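Please keep the sequence and the model in view while reading.

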Amino acid sequence: MQAPFVWFHHNGEKSNETKNFFETLLGWKPSDGPGGMTMLAGEGGPFAALASKTERYGDQSAWIPFVMVDDVDAATQQAISLGAVLLKEKSRGPAGTFSIVRDPGGAAIGLWKKA
């Protein structure tokens with residue numbers, strides 16, 4: 001796979017209830033993360049985060065998968081030229097830079113490059 005999924009961001013509300021839900025249902029271990037997010041970890045370490053109230057992207061509650069790209073700016077522009085809508089301009093996160101676009105079918109995806 002040229003651009004594998006590398007992270008998942010839960011873009012929902014009620015993060016405390018969601019944290020408890022996944023911890024009980026699947027055994028995912030929550031911990032405090034940057035910017036008020038809650039990190040979720042499995043046996044291999046952290047793999048996802050639950051949004052804080054200030055880190056919601058778009059107007060829908062959903063999981064947002066992130067894929068690794070070589071160049072966030074180029075991938076974002078290409079996505080837009082292919083019909084995507086920009087939800088979040090290029091930003092710096094704790095582990096790299098990213099943007100979030102909504103594909104022509106309406107689903108969000110994060111384009112991420114490791115710092």
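## An enclosed strand

Strand β3 is largely enclosed by the rest of the structure, because four of its five residues are buried. Buried means under 20% relative accessible area, exposed means over 50%, and partly exposed lies in between, with a 1.4 Å probe and protein chains only. Helices (H or I, at least four residues) and strands (E, at least two) are DSSP runs, numbered from the N terminus.

The model is a predicted one, in which local features need pLDDT of at least 70 and side-chain atom pairs count only at pLDDT 80 or more, while totals for chains, interfaces and linings use all residues. Residues are numbered from 1 along each chain as its sequence is written, and side-chain values use heavy atoms, with hydrogens and water left out.

## The sheet

Eight strands make up an open sheet of mixed pairing, in the order β2-β3-β4-β1-β5-β8-β7-β6. The edges are held by β2 (29-32) and β6 (85-92); each has a single partner strand, so one side of each is left without a neighbour in the sheet. On average, neighbouring strands of this sheet are turned by 25 degrees against each other, direction ignored. Two strands pair if DSSP finds at least two bridges between them. Strands of a sheet pair through backbone hydrogen bonds, either parallel or antiparallel.

## Partners of β3

On one side, β3 (residues 38-42) pairs with β2 in the antiparallel sense over four bridges. S31 has M39 of β3 as its bridge partner, and D32 stands opposite T38 of β3. The hairpin of β2 and β3 has five residues between the strands, and in this hairpin G35 takes a positive phi near 65 degrees.

β3 is also joined to β4 by five bridges, and these two strands run antiparallel. G42 stands opposite G45 in β4. A hairpin of two residues connects β3 to β4.

## Partners of β1

Which way do β1 and β4 run, parallel or antiparallel? They run parallel, joined by three bridges. Within β4, A49 stands opposite H9. By contrast, β1 and β5 run antiparallel and are joined by six bridges. W7 has F66 in β5 as its bridge partner.

P4 is placed in the segment before β1. With a relative accessible area of 32%, P4 is partly exposed. P4 and V67 are 63 residues apart in sequence, but their C-alpha atoms are 5.5 Å apart in space. Neighbours within four places in sequence left aside, P4 is in contact (heavy atoms within 4.5 Å) with F66, V67 and M68.

## The helices

Helix α1 (residues 15-26) lies across β1 (5-11), β2, β3, β4 (45-50) and β5 (62-68), and runs at about 145 degrees to β4. Axes are lines fitted to C-alpha atoms, for helices over the stretch in contact, and angles run from 0 to 180 degrees between N-to-C directions.

Helix α2 (residues 72-81) contains T76. T76 counts as buried because its relative accessibility is 7%. Not counting residues up to four places away in sequence, T76 touches L86, S99, V101 and L111.

## A salt bridge and a surface patch

How many salt bridges does a search of the whole structure find? The search finds one, formed by the side chains of D73 and K90 at 3.1 Å, N to O. D73 lies in helix α2 and K90 in strand β6, so the pair ties together parts that are 17 residues apart in sequence. D73 counts as partly exposed at 40% relative accessibility, and K90 is partly exposed with a relative accessible area of 44%. A salt bridge is a side-chain nitrogen of Lys or Arg within 4 Å of a carboxyl oxygen of Asp or Glu.

F5, F8 and W63 make a nonpolar surface patch of about 280 Å². F5 belongs to strand β1 and, at 46% relative accessibility, counts as partly exposed. Patches are made of residues with over 30% relative accessible area and no salt bridge; like charges are joined within 9 Å, and nonpolar side chains (Val, Leu, Ile, Met, Phe, Trp, Tyr) within 5 Å. Accessible areas come from the Shrake-Rupley method with a 1.4 Å probe, and for residues only the protein chains shown count as cover.
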